[in-house]
Amino acid sequence: MKDRVDLSVAIPFAIFTAIWGSTWIVIRGQLGLVPPQWSVTYRFVIAAAAMALIAAIKGDSLALGRKGLVAAAFLGFTQFCINFNAVYLAERHITSGVVATVFALLLIPSSLLGWALLGHRPTSRFIWSSLVAVGGIVLLFVHELREHSASAGQVVTGIGLTLIGMLGASIANVVQARPEIRRFPLLGLLAWSMAAGAVIDGTVALVMTGPPVFDGRPVYWAGLCYLALAASVLTFSLYYPVVRKIGPAKAAYSSVLIPIIAMGFSTWLEHYRWTSLTVAGAVLALGGMLGALSRERAPVAAPDAA
């Protein structure tokens with residue numbers, strides 16, 4: 001059967017990938033007066049309130065019960081605490097381009113955990129296509145390291161933090177797609193997960209950096225609202241259903257595109273210059289993604305994605 005495009009996957013995939021491709025530059029603007037841990041906390045306080053409001057408007061129940069709240073707390077810790085704190089902190093040591101490029105390797109732990117916890121065994125086509133995409137990511141990574149000098153200690157710390165964030169995101173993506181978690185209303189689950197994440201983030205911030213610090217600049221709060229509403233509320237309400245429909249490994253291919261999109265924004269806003277290395281890396285990453293995401297057979301019925 002010929003490859004077909006599922007618009008219920010392709011459209012949200014394009015939206016959340018484009019938005020997340022823009023966040024790396026915005027996050028840089030959050031670093032400065034306010035410690036990263038508090039910026040992450042403020043982000044998910046706003047996001048949790050907005051998600052709860054949307055859930056109420058759409059009729060999604062916020063009454064999850066004890067098991068639902070435990071699941072929400074776990075997702076809040078892995079996705080909205082470990083993942084985001086690690087990424088924000090990583091950008092204090094290495095450039096956003098390097099962070100985005102390392103995070104693109106999300107497809108590897110997502111594939112392995114999806115196989116282990118969901119039984120989503122990768123096909124040979126997916127494996128070979130992923131190897132091609134990883135080759136492209138490596139070229140982009142080499143370019144970023146050449147362009148932006150940093151001490152060995154800074155590079156190791158930044159990459160280590162990014163890998164920790166990537167692992168937190170991968171665990172959360174796979175766990176929320178398990179059948180016992182899918183039965184909870186998605187928007188309600190996200191609202192409580194973001195609320196739990198905000199509480200944990202605030203506790204971490206208080207212990208590590210002291211009392212809350214605020215930045216009065218309008219550009220800081222504009223960026224914060226964009227990260228909370230567009231890059232958290234909108235994107236995760238689109239991303240989790242896609243994970244449930246096509247699996248965490250294929251959904252993680254959004255992270256392969258994100259460095260390329262980030263470079264596109266940098267070309268527009270920061271006069272980024274493309275080289276033969278970055279062009280080759282982008283072509284390989286895109287080619288691998290298209291090969292991995294295209295269908296090889298008739299699709300099975302999608303699980304109960306919200």
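Modeller: Helices α3 and α10 cross in a right-handed sense. Here a crossing is right-handed if the near helix is turned clockwise from the far one by less than a right angle, and left-handed if anticlockwise. This is a predicted model, where local features need pLDDT of at least 70 and side-chain atom pairs pLDDT 80 or more, while totals for chains, interfaces and linings use all residues. Residues are numbered from 1 along each chain as its sequence is written, and side-chain values use heavy atoms, with hydrogens and water left out.

Colleague: At what angle do α3 and α10 pack?

Modeller: Axes are lines fitted to C-alpha atoms over the stretch in contact, with angles from 0 to 180 degrees between N-to-C directions. Helices are DSSP runs (H or I, at least four residues), numbered from the N terminus. Helix α3 (residues 65-90) packs at about 130° to helix α10 (residues 218-246), their axes being 15 Å apart. The two helices are therefore oblique to each other; under 35 degrees would be roughly parallel, over 145 roughly antiparallel, 65 to 115 roughly perpendicular, and the rest is oblique.

Colleague: Which residues of α3 and α10 meet?

Modeller: Contact means heavy atoms within 4.5 Å. From α3, Q79, F80, F84 and Y88 meet L227, F236 and Y240 of α10. That contact has six nonpolar residues, one polar and no charged ones (Ala, Val, Leu, Ile, Met, Phe, Trp, Tyr, Cys and Pro are nonpolar, Asp, Glu, Lys and Arg charged, the others, Gly among them, polar).

Colleague: How do the axes of α2 and α9 cross?

Modeller: Helix α2 (residues 36-58) and helix α9 (residues 186-209) have axes that come within 8 Å and cross at roughly 160°. That makes α2 roughly antiparallel to α9. Their contact has 20 nonpolar, five polar and two charged residues, and the crossing is left-handed. With α10, in turn, α2 makes a right-handed crossing, at roughly 50° and with axes that come within 9 Å.
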